[in-house]
Amino acid sequence: MWRNLLSLRQVSQRTISTASRRLLENRVPEKQKFFQEDNGLPVYLKGGIMDGLLYRVTMGLTVFGKAHTETFML
């Protein structure tokens, strides 16, 4: 059993240490500038069309849920 653990450790170290690392460009400063610029939009809508759609769906579900619970409370 000890041999199995040692061989597993060696294999895991080998795969981790020999894995090639992809160089990723740091785009955080670009995103910060984009979201901090004053263009009259709230931050939760600055992401584009999908943010607007998600916001509208969430508000619609909220209104529907509130109306649905109000009808059963009477």
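Begin the tour by selecting K66, a residue that counts as exposed, with a relative accessible area of 51%. The structure on display is a predicted model, and the stops below lead from this side chain to the whole chain and then to its surface.

**K66 and its partner**

K66 and E70 form a salt bridge in which the closest N and O atoms are 3.1 Å apart. Both residues belong to helix α3 (residues 49-73), where they are four residues apart, so about one helical turn separates them. E70 is partly exposed, its relative accessible area being 38%. A search of the whole structure finds one salt bridge.

**The whole chain**

Next, display the protein chain as a cartoon. It contains three helices and zero strands, and the pattern read along the sequence is α-α-α. Colour the chain by pLDDT: the average is 84, and 73% of the residues score at least 70. Which element has the lowest mean pLDDT, and which the highest? Helix α1 (residues 2-17) has the lowest mean, 63, whereas α2 has the highest, 94.

Of the 74 residues in the chain, 3% are buried.

**The nonpolar patch**

Select F34, F35, V43, Y44, Y55 and M59 on this surface. Together these residues form a nonpolar patch with about 560 Å² of accessible area. Which helices each supply at least two residues of the patch? They are α2 (28-36) and α3.

Centre the view on V43. This residue of the patch lies in the loop between α2 and α3. Its relative accessibility is 55%, so V43 counts as exposed, the cut-off being over 50%.

**The ring pair at F34 and F35**

The whole structure holds two aromatic pairs according to the search. One of them joins F34 and F35 in an edge-to-face arrangement, with 5.2 Å from centre to centre and 85 degrees between the planes. Are these two residues buried, partly exposed or exposed? F34 counts as partly exposed at 40% relative accessibility, and F35 is likewise partly exposed, with a relative accessible area of 32%.

**Last view**

Key
Residues are numbered from 1 along each chain as its sequence is written. This is a predicted model: local features need pLDDT of at least 70, side-chain atom pairs count only at pLDDT 80 or more; totals for chains, interfaces and linings use all residues. Side-chain values use heavy atoms; hydrogens and water are left out. A salt bridge is a side-chain nitrogen of Lys or Arg within 4 Å of a carboxyl oxygen of Asp or Glu. Buried means under 20% relative accessible area, exposed over 50%, partly exposed in between (1.4 Å probe, protein chains only). Patches are made of residues with over 30% relative accessible area and no salt bridge: like charges are joined within 9 Å, nonpolar side chains (Val, Leu, Ile, Met, Phe, Trp, Tyr) within 5 Å. Accessible areas come from the Shrake-Rupley method with a 1.4 Å probe; for residues, only the protein chains shown count as cover. Rings of Phe, Tyr and Trp (its six-membered ring) pair if their centres lie within 6.5 Å; planes under 30 degrees apart count as stacked, over 60 as edge-to-face and the rest as tilted. pLDDT is the predictor's confidence in each residue, from 0 to 100.
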